[in-house]
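Student: I would like to learn how to read a few features of a protein model with some care. Could we go through them one at a time?

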Amino acid sequence: MDLNNATSEAASCGSPVFCTIIPPHILDNLAQSDDPARHEPARRTLEHDHVQRAQRREIAARDLTPGEPGAAADKPKRTIYDARHGTTLPGHKVHSESDGPAKDASVNRAHAGLGATFELYLKVYGRKSIDGAGLPLNATVHYGQRYDNAFWDGERMVFGDGDNDLFKDFTIPVDVIGHELTHGVTQYTANLDYENQPGALNESVSDVFGVLIKQYALGQTADQADWLVGAELLGPNVTGKALRSMKAPGTAYDDDVLGKDPQPATMKGYVHTTGDNGGVHINSGIPNHAFYLAASALGGKAWERAGQVWYDVLTGGKLAKNAQFADFAGLTIKAAQARFGAGAEHDAMVKAWNQVGVTPK
């Protein structure tokens, strides 16, 4: 598969990353549509992303490190801003942690999604916010005009309202919020390079914890979950069910405008491309599927065993910034044995990586 013609600006990310939930190949397809109702929002989105990406590189240059946990680090401190359809960040402050429900549904969903993410990391993994030290969680809603994206810019979450045609309000799916905030967790831990296999791992880790945050919030076991990313995001005019499927990569959508889901499930389908920073949103389907296979084999609540292993690898200090799939696979096997012993968890990791064609190092 050749995706080298994907818009280069859409595919460029700094490290720590500025990256959006909508992959660049989708926006590029939309930007080339003959229908102004389709291409105008996509082109504006790409222009806004280019500006934000440049600002993100400035934030990255500050070399952010976590501070010391304060007395209240085990409680979220959320602040929501409203861009009022402009592009100046953070926008106007409209909601604080102690405030009751707002009249604006987007504000309430953003507040809840930040809280759901904070809760999983704290209650399951003992992590105090994104940086492990109680970092306040800020978000901006109503960004831009029909802006078809959401992103973590290194300091805050930013949500577009979507175009109400192909994409709905980006505050709706909690897994999208969890995905983007997990880029912040990665930023403060392994800080994986954002290109080729390390970049695909970066994206995959965000997908993994995004779906775990959704499953945790819904109280779902592995067999009850849909294993979809962004299932509530697609509009009524899209032929598809989500942005990505961890259970069956490559089947999330097949649409005349968006194109067909290009994700492979195994290394046999690995996509070599110079677009999308070496296919980071595409080849992430392979480690995504490995996680699904391991979690499904173990059963029960995926965040308890498979998720714990992934978290241990992400935060354990042994994951190199330029780690390849084989490196990550080997670390999951070692982490499973270190935490759970030479039992079902270890065997599930070995089998899962074998099924997706990755030979662990």
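Student: Is Asn277 buried or exposed?

Tutor: Asn277 is buried, with a relative accessible area of 18%, where buried means under 20% relative accessible area, exposed over 50% and partly exposed in between, computed with a 1.4 Å probe on protein chains only. Asn277 lies in helix H6 (residues 276-279), and although Asn277 is not a glycine, its phi is positive, at about 50 degrees. Helices (H or I, at least four residues) and strands (E, at least two) are DSSP runs, numbered from the N terminus.

Student: What should I know about the source of these values?

Tutor: This is a predicted model, in which local features need pLDDT of at least 70 and side-chain atom pairs count only at pLDDT 80 or more, whereas totals for chains, interfaces and linings use all residues. Residues are numbered from 1 along each chain as its sequence is written, and side-chain values use heavy atoms, with hydrogens and water left out.

Student: Which other residue has a positive phi although it is not a glycine?

Tutor: His142 has a positive phi of about 55 degrees; its place is in the loop between strand S4 (137-141) and strand S5 (150-152), and His142 is buried, with a relative accessible area of 12%.

Student: Where does His25 lie?

Tutor: His25 lies in helix H1 (residues 24-31) and counts as buried at 9% relative accessibility. The C-alpha atoms of His25 and His281 are separated by 8.9 Å, although these residues are 256 apart along the chain.

Student: Which residues does the UniProt annotation "active site" cover?

Tutor: In the unreviewed UniProt entry, that annotation covers Glu180 and His281; UniProt positions are given in the numbering used here, feature names are shortened, and annotations may be inferred rather than shown by experiment. They span 102 residues in sequence, yet no two of their C-alpha atoms are more than 13.1 Å apart, so they gather at one spot. From this set, the lining of the largest cavity takes in His281. Glu180 lies in helix H4 (residues 174-188) and is buried, with a relative accessible area of 0%.

Student: Which helix gives the most to the lining of the largest pocket?

Tutor: Helix H9 does, with five residues; H9 (325-340) and helix H8 (306-315) each supply at least two residues of that lining. About 200 Å³ of space lies in the largest pocket, and among its lining residues are Asp312, Lys318, Leu331 and Arg339.

Terms used. On a 1 Å grid over the protein atoms alone, a cavity is a set of points where a 1.4 Å probe fits but cannot get out, and a pocket is an open set with protein on both sides within 12 Å along at least five of seven lines; lining residues have an atom within 4 Å of a point. Grid points are joined across faces, edges and corners, and a volume is the space filled by probe spheres set on the points.
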